[in-house]
Every structure is written in C-alpha cells, then in structure tokens.
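Reader: Can you walk me through how some of the helices pack here, and what sits around the ligand?

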Amino acid sequence: MDCHQPAHTLNGQRIDVEANIGIADDMELALDNGADGIGLLRIEQLYLARPSPPTEEELWSELKSLIAPLGNHRITIRLLDIGGDKPLPYLGMPPSPNPTLGRRGVRLLLDYAQLVRTQMGAILSLAHEHPVQVLIPMVTLEDDIRRTRETFDALCAERKIKTPPAFGAMVETPAAALAIPTLARYVDFFSVGTNDLTQYTLAASRDDASVNDYYLDSHESILRLLGIILADATGRPVSLCGELAGREAMVPRLLEMGFRSLSIAPSLIPTTKALIRTIRLGAATILPLAPVIGGEGLGVRGPNGTGGNATCEHAANVKPVPPRTPTGCEECLTAGTSWVHLRLCLTCGHVGCCDDSPGRHATRHAHATSHPVIASYEPGERWAWCYTDQVGIDLPPQAVPYLR
Ligand code: PEP
Ligand code: MG
C-alpha cells in the first residue's frame, strides 16, 4: 500500500509514523516517503551555520520556509540541544571536562534566557499558521521543565495566545524516565529519545566505538524504562524518536508495549509503514516473537503442543488466582470511569485495563508490584504476557480456569 496513506495495524490501530529531520533536504525526503508529520525537528543546524544567533524574526522566517512544503502536517520543534561537544562559538562557553555529562540541552538554555525567548517566540508566531509543538531537550530535573514552562506560559500571555501549541519534554535521561508523574504536571506530551537514554542508562557513550558492545538500545533496562514511561504518562501522549523506533525487529514489540507514534529517519518510513500493516496487536503479534514456553505450574505451552522448554520461569511457576473484580478494571470501577482491554494478574487477581485505556491500570499494576504474568481477560482470548521476561505466552484452554 502507498506510503502516503496512514499506517494501521491489522486490527485497525492507527500508528503515526513521523520523521526526524534537521535540514530542508531531509524535509523533502520525509514528505516523498510519506511522513505523517515531523516528530522531531533538530534546530541546531539553523544556529550552527551562522556567525551570530538569529533574531526571532530571522528564525521565524527560516523555519517558515523550511516547513512550507509540510502542508497541514504537524511539526514538533525541539529547542536547541547544544553544549558540551557541540558548542556555539558565539556563546563563548568554557570547554567542559566531560561534555556528555555537562551543560547541554535545557541545562544550557536556562542560562541563556534570550536564546529561549527567541526560539519560543519564533515558534509561537509559526503556530498562527501551522500546527506546531514545542519540545524541550535533555530534561533531568523538575526545575528544568518547570522553568521553561513558566517562560513559555509568560510568552503566551504576553502575546495573548489563547490556545498555545502543545509543550513537551524529551525523555532522554533515566532520571526523567523515572520521574514522569512529576514532569507530567508541566507538559502536554513526552517524546522518548532512546539514543541518549541508552548512553546514560548503560554508561556507554554513543560516540565511542570502543564501547559499542555496551551501547544497546534494546537492552532489558531500556525496555523496562520504556514500560515505566508509558505506564506513568497517564493521559499524556508518548512518542518514540530515538533510532530504536526505526528498528524493524523492535517495532512489533514497541507497538505491543503501547507506543502509537514513532518518529524515525525519513528513509525508513515506507518499510516501517509496510511492517505496521502486517502486525496484529495482541496474542497473534506476541506469539511469533516469543520463545517456546512450557512448564508444569501454569501448563503453558509453545506453538507445537503441550510442554516444551520452560524458558519463562515466571509463567511456569505462577499459580493463577481468581479475578478480584470479575466485572471490570478495579481502578476504573472505583473512579467511575470506563475502560477497554482487560487484563488479569495471575499472581493476585487484579483486573485492570490496558493498551488504549487512558488509565492503563494493568500495566501500572505490573510495574508497581513486579507481579510478572498478566493474562488477557477479554472474552475468548487465551494468552498472557510476562513483564519480566518480555515474552508472550500461549495459554491452553484449561490453563487458567478464570478467563472469560
Ligand atoms: C535521542 O537522544 O534519542 C534523540 C532523538 O535526540 P538526539 O539523537 O538528537 O540526541
Ligand atoms: Mg538526544
């Protein structure tokens, strides 16, 4: 199917596939390849290619001509992510003894108020004519995002902007990933940058080939952080813009975890959309990815029949218990809200919602309790997911008598 059409999974879930770009040529390729929008505009080039910083007017004009071909597609513009190894000569910044861990991204922006006002001002002017979002790079502390949000709100008030563009934070440090509930108070959306998240989590520089073996962006630790981000971002859209989002082998798992928006290199858009169109979310997607699983306790099995290699000890050892709230999601019932996609925790009988339910209470429950195996509680479905091993489990009809 045409890469210019939106990508839906086989069960009809729309996935936005946007582009990461830095310059006008990337924009052309992104549009030729069917980008649904620009999920990440790296603005650095507009600053590095000149001897002094642009005025707001100059920046607005450059951005305006850059995004002209975009039509009505949305663009997410990230404020300057410079500092450390990418200094701006005209700022006269002292060299950093350890650039990667130094004053970069928002840390630097907070010291240069005028740089922030210029960028936000230009973006707010663009927003009169085009759907844009603002993104803050390298957030670590609550203060990083609280202070930038204050500046943003003040500029919106000065300019009497009643419906400001969405304001988001990059999640690129483990500290940000683990403090999503706090950061969420200041932002409208999150964008996860796994390129930096990987280097900071695995303590391996993304620019140092000698530690390539440690720079693993699909390492268990990264997948767990992604799960936590999704579970904690309740109600805030989360997109993924690191290179992980374009890795073919990882796309099914990312969608299964709950990502509905990926931003990737323009060249990867057609194949990624084609891949998404072959994916069925739920058991059918997970099972081919999962190793053969077997074991006594749960009676789980691989695709070839009963038994098999017990590669998920959590599934093998769990003793399923009855649902605590057989009629629906525990938290939603209490709050009087509605849900979709019910899951049953086989360790304690918690029933929670998942996937497109705003609360994602089943996921939150799994992360909060470390109870590993959560089964689908949808009528007729016979599969489970181990959050610890990140594998799908095919449940024989009698394995969990409490399913519907
Ligand atoms: C990231 O860190 O994953 C990211 C998208 O930002 P950049 O690659 O520009 O640092
Ligand atoms: Mg980054």
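Reader: Which residues in α5 meet T148, T151, F152, L155, C156 and E158 in α6?

Author: This is a predicted model, where local features need pLDDT of at least 70, side-chain atom pairs count only at pLDDT 80 or more, and totals for chains, interfaces and linings use all residues. Residues are numbered from 1 along each chain as its sequence is written, chains are lettered from A and ligands numbered from 1 in the order in which they are written, and side-chain values use heavy atoms, leaving out hydrogens and water. Taking contact as heavy atoms within 4.5 Å, the α5 side consists of V116, R117, M120, G121 and L124.

Reader: At what angle do helix α5 and helix α6 pack?

Author: Helices are DSSP runs (H or I, at least four residues), numbered from the N terminus. Here they cover residues 113-126 and 142-158, with axes 10 Å apart. Axes are lines fitted to C-alpha atoms over the stretch in contact, and angles run from 0 to 180 degrees between N-to-C directions. For α5 and α6 that comes to about 50 degrees.

Reader: Which side-chain N or O atom is 3.1 Å from an oxygen atom of ligand 1?

Author: Ligand 1 is surrounded by a set of residues including R42, R78, D196 and R206. For D196, a backbone N or O atom lies 3.0 Å from a ligand 1 oxygen, while a polar side-chain atom of R206 lies 2.7 Å from one. The 3.1 Å distance belongs to the side chain of E172.

Definitions and conventions:
A residue is near a molecule or strand if one of its heavy atoms lies within 4 Å of it. A polar contact is a pair of N or O atoms within 3.5 Å; within protein, one must be able to donate a hydrogen and the other to accept it, and residues adjacent in sequence count only if both atoms are side-chain atoms. Helices (H or I, at least four residues) and strands (E, at least two) are DSSP runs, numbered from the N terminus.
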